[in-house]
Amino acid sequence: MRNKTSTFRLMFMLVLILALTAFPTSVSANHAWGSYHWARTSNPFTIKVIDSVTSNWDDNLNTAISDWNASTVMNVVKEAGDDSQNVRKRCRAVSGKAHACNANYGFNGWLGLATIWITGGVHITQATTKVNDSYLASSSYTETNRQHVICQEIGHDWGLDHQDESGADFNTCMDYSNALDNPHPNAGDYDQLLCIYDPSKFGVTLTHGNHSCTGTGHLDSFNSWTSSVPMPAGFANADVHAQENWGTKVRESANGRSAIFVRDFGNGNLIYTFVFWAK
Amino acid sequence: MKIHIRLALLIIFAFIVIGCVGNSASNSTPTPLTVPTEPLATEAPSTESPATKSPAVEDKESFVSALEASGATVETADTITQDFFSVEGQIIRVNGVDLQVFEYESPEAMENEASQVAPDGGSIGTSMVTWMDAPHFYKARRIIVLYLGDDETILDLLNKLIGPQFAGR
């Protein structure tokens with residue numbers, strides 16, 4: 001009888017350990033956006049953020065730039081830009097830089113939108129940040145909300161994802177929640193930038209509060225943050241709507257319904273066009 | 001005898017725990033833009049439940065018909081352009097709530113675009129979005145439907161007519 005009780009206790013302990021392993025306390029892991037990063041030959045590297053925001057957003061943009069500039073792997077500096085309505089609405093990407101704009105982009109559901117352009121599969125060559133005044137200019141949104149949004153969108157431009165997908169509050173502008181109540185990055189975000197960009201942290205696990213990441217950083221053979229980055233003419237704004245601009249077909253499905261074309265601009269600059277033919 | 005029953009229950013519990021671990025291991029990181037190494041699939045595997053999906057919903061028109069047949073008040077509003085989708089959308093107002101409907105030329109084109117949406121709805125391709133409310137993405141044959149909000153009536157209606165969301169919060 002005693003043996004059976006001991007066996008039961010042993011089994012209970014095993015199950016308890018298994019359960020604790022399965023449901024750890026909430027820890028936000030690596031929040032790199034895929035493997036996307038700015039190519040650079042050394043750290044710190046300098047990213048210019050073109051200021052195409054109106055005066056009522058200037059303080060927000062300045063704060064966001066100051067916040068991200070606190071990272072040890074990058075220098076973030078503001079560059080004066082055109083803030084005419086047409087420029088802000090279009091918010092065209094500029095090679096080697098991030099372009100920040102505000103405008104009434106319409107009631108399309110988004111408060112902020114960050115887009116990055118990729119070369120070589122992983123290297124960011126240009127980025128845009130848009131903040132939508134159609135919503136954010138209304139009294140429904142506070143100054144803190146506005147700061148949260150612009151801080152997050154610019155953070156995406158460095159290759160950061162949301163810090164947590166559960167909606168939990170980790171006190172960072174990189175939270176993925178509706179609260180929009182964290183106007184600044186937190187230590188986990190700076191750790192993540194080290195994990196992405198700092199070769200000395202390669203394989204090293206950095207932990208701060210709830211956040212943890214393991215370094216994957218390496219230096220590259222070129223800088224994608226300089227405007228002289230070898231981006232061939234027509235690459236950044238290539239017109240790929242017409243088939244003659246798609247390049248060479250490199251793959252086709254067995255039934256011919258889908259195919260991949262690649263247009264090679266040289267130096268690793270490739271545009272892939274995935275096509276599914278209409279019947 | 002009682003101890004054997006307890007042991008059996010514990011073992012069952014252990015299997016349940018292991019099952020939960022397996023299910024929670026999904027990766028929400030979007031895939032970088034690279035050429036797939038596997039042969040192209042012409043039809044992406046459906047995650048929708050055949051038991052709950054209405055076969056009638058194939059495009060915008062049949063979606064509106066299905067909504068009306070369910071007793072909802074449906075109104076066609078403005079068109080909408082999103083930077084991250086290749087087609088122009090249509091706002092459909094259902095019981096006063098806006099849905100964004102994007103219709104494609106073929107199911108393959110729809111699946112191609114849907115595959116760019118991260119499971120949490122936070123990114124589409126190389127665009128990251130801060131939504132004004134919780135995003136819910138649905139798809140049915142040639143359309144993607146985007147609903148922003150947490151109205152249970154609307155969510156139930158979409159689940160009933162289209163099936164479970166394929167991305168979102």
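This is a predicted model: local features need pLDDT of at least 70, side-chain atom pairs count only at pLDDT 80 or more; totals for chains, interfaces and linings use all residues.
Two packed helices are described by the angle between their axes and the distance between the axes. Here, the axes of helix 2 (residues 55–69) and helix 5 (residues 143–157) of chain A come within 9 Å and cross at roughly 50°. An angle of that kind makes helix 2 of chain A oblique to helix 5 of chain A.

The residues that form this meeting can be followed on both sides. From helix 2 of chain A come A:Asn56, A:Trp57, A:Asp59, A:Asn60, A:Leu61, A:Thr63, A:Ala64 and A:Trp68, and these meet A:Glu143, A:Arg146, A:Gln147, A:Ile150, A:Cys151, A:Ile154 and A:Gly155 in helix 5 of chain A. Sorted by class, the contact between helix 2 and helix 5 of chain A has 7 nonpolar, 5 polar and 3 charged residues.

Helix 5 of chain A can also be considered by itself. Its 15 residues reach 22 Å from the first C-alpha to the last, which is close to the 21 Å expected at 1.5 Å a residue. Because 13 of these 15 residues are buried, helix 5 of chain A is largely enclosed by the rest of the structure. Just after this helix, A:Gly159 takes a positive phi of about 100°.

Elsewhere in chain A, A:Tyr105 lies in the loop between strand 4 (97–103) and strand 5 (110–119). With a relative accessibility of 16%, A:Tyr105 counts as buried, because the cut-off for that class is under 20%. Leaving aside neighbours within four places in sequence, A:Tyr105 is in contact with A:Arg88, A:Lys89, A:Cys91, A:Trp110, A:Lys130, A:Val131, A:Asn132 and A:Ser134. A:Ser200 stands 95 residues from A:Tyr105 along the chain, and the C-alpha atoms of the two are separated by 42 Å.

Turning to chain B, its secondary structure comes to 4 helices and 8 strands, and read along the sequence these follow the pattern α-α-β-β-β-α-β-β-β-β-α-β. Of the 169 residues in chain B, buried residues make up 46%. Among the contacts in chain B with a separation of 6 or more, 56% are accounted for by residues 24 or more positions apart.

One residue of chain B gives a local view: B:Asp59 is placed in the loop between helix 1 (2–23) and helix 2 (60–69) of chain B. B:Asp59 counts as buried at 18% relative accessibility, and, not counting residues up to four places away in sequence, B:Asp59 touches B:Glu103, B:Arg142 and B:Ile143.

Terms used:
Residues are numbered from 1 along each chain as its sequence is written. Chains are lettered from A and ligands numbered from 1 in the order in which they are written. Side-chain values use heavy atoms; hydrogens and water are left out. Axes are lines fitted to C-alpha atoms, for helices over the stretch in contact, and angles run from 0 to 180 degrees between N-to-C directions. Helices (H or I, at least four residues) and strands (E, at least two) are DSSP runs, numbered from the N terminus. Angles under 35 degrees count as roughly parallel, over 145 as roughly antiparallel, 65 to 115 as roughly perpendicular and the rest as oblique. Contact means heavy atoms within 4.5 Å. Ala, Val, Leu, Ile, Met, Phe, Trp, Tyr, Cys and Pro count as nonpolar, Asp, Glu, Lys and Arg as charged, and the others, Gly among them, as polar. The expected span of a helix is 1.5 Å times one less than its number of residues. Buried means under 20% relative accessible area, exposed over 50%, partly exposed in between (1.4 Å probe, protein chains only).
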